[in-house]
Amino acid sequence: MPIPNTHLIELFRLLKPGMKMMANIEFGPEDSYSFSTSVVGYKRDLYALLDLPTKVQEDLVMRKIVNVQVTL
């Protein structure tokens with residue numbers, strides 16, 4: 001679900017580099033992965049840059065995802 005542009009601008013005003021936060025990656029309606037992270041920065045009106053800890057990277061690489069199509 002896209003975030004309306006006005007809410008995105010307000011969100012970026014609150015995000016400061018180094019700020020600690022919880023992130024949640026949703027893989028579907030009943031599958032998600034939550035982790036603690038910190039804000040590295042952001043590109044205005046486009047996306048936020050978050051630190052991805054080594055443990056999270058390892059968990060995501062080893063994650064088995066069903067019903068996913070990979071297209072190259």
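A residue is called buried here when its relative accessible area is under 20%, exposed when it is over 50%, and partly exposed in between, with a 1.4 Å probe and protein chains only. By that rule Phe 35 is buried, at a relative accessible area of 8%. The model is predicted, so local features need pLDDT of at least 70 and side-chain atom pairs count only at pLDDT 80 or more, while totals for chains, interfaces and linings use all residues. Residues are numbered from 1 along each chain as its sequence is written, and side-chain values use heavy atoms, with hydrogens and water left out.

The protein has 72 residues, of which 15% are buried. It contains two helices and three strands, where helices (H or I, at least four residues) and strands (E, at least two) are DSSP runs numbered from the N terminus. Read from the N terminus, the elements follow the order α-β-β-β-α.

The three strands make an open sheet ordered β1-β2-β3, with antiparallel pairing. β1 and β3 are the edge strands, each having a single partner strand, so one side of each lacks a neighbour in the sheet. On average, neighbouring strands of this sheet are turned by 65° against each other, direction ignored; the axes behind such angles are lines fitted to C-alpha atoms, for helices over the stretch in contact, and angles run from 0 to 180 degrees between N-to-C directions. Strands of a sheet pair through backbone hydrogen bonds, either parallel or antiparallel. Two strands count as paired if DSSP finds at least two bridges between them.

Strand β1 (residues 20-28) and strand β2 (residues 31-43) run antiparallel and are joined by eight bridges. Together β1 and β2 form a hairpin, with two residues between them. Along this pairing, Met 22 stands opposite Ser 36 in β2, and Ile 25 has Tyr 33 of β2 as its bridge partner. Thr 37 also lies in strand β2.

A pair of aromatic rings is described by the distance of the centres and the angle of the planes. The structure holds one aromatic pair. The rings of Tyr 33 and Phe 35 have centres 5.9 Å apart and planes at 35°, so the pair is tilted. The rule covers rings of Phe, Tyr and Trp (its six-membered ring) with centres within 6.5 Å; planes under 30 degrees apart are stacked, over 60 edge-to-face, and the rest tilted. Tyr 33 is buried, at a relative accessible area of 16%.

The next feature is a charged pair. One salt bridge is found in the whole structure, a salt bridge being a side-chain nitrogen of Lys or Arg within 4 Å of a carboxyl oxygen of Asp or Glu. Lys 55 forms a salt bridge with Asp 59, and their closest N and O atoms are 3.0 Å apart. Lys 55 and Asp 59 are four residues apart in helix α2 (residues 54-62), which means a separation of about one helical turn. Lys 55 is exposed, with a relative accessible area of 54%, whereas Asp 59 is partly exposed, at 25%.
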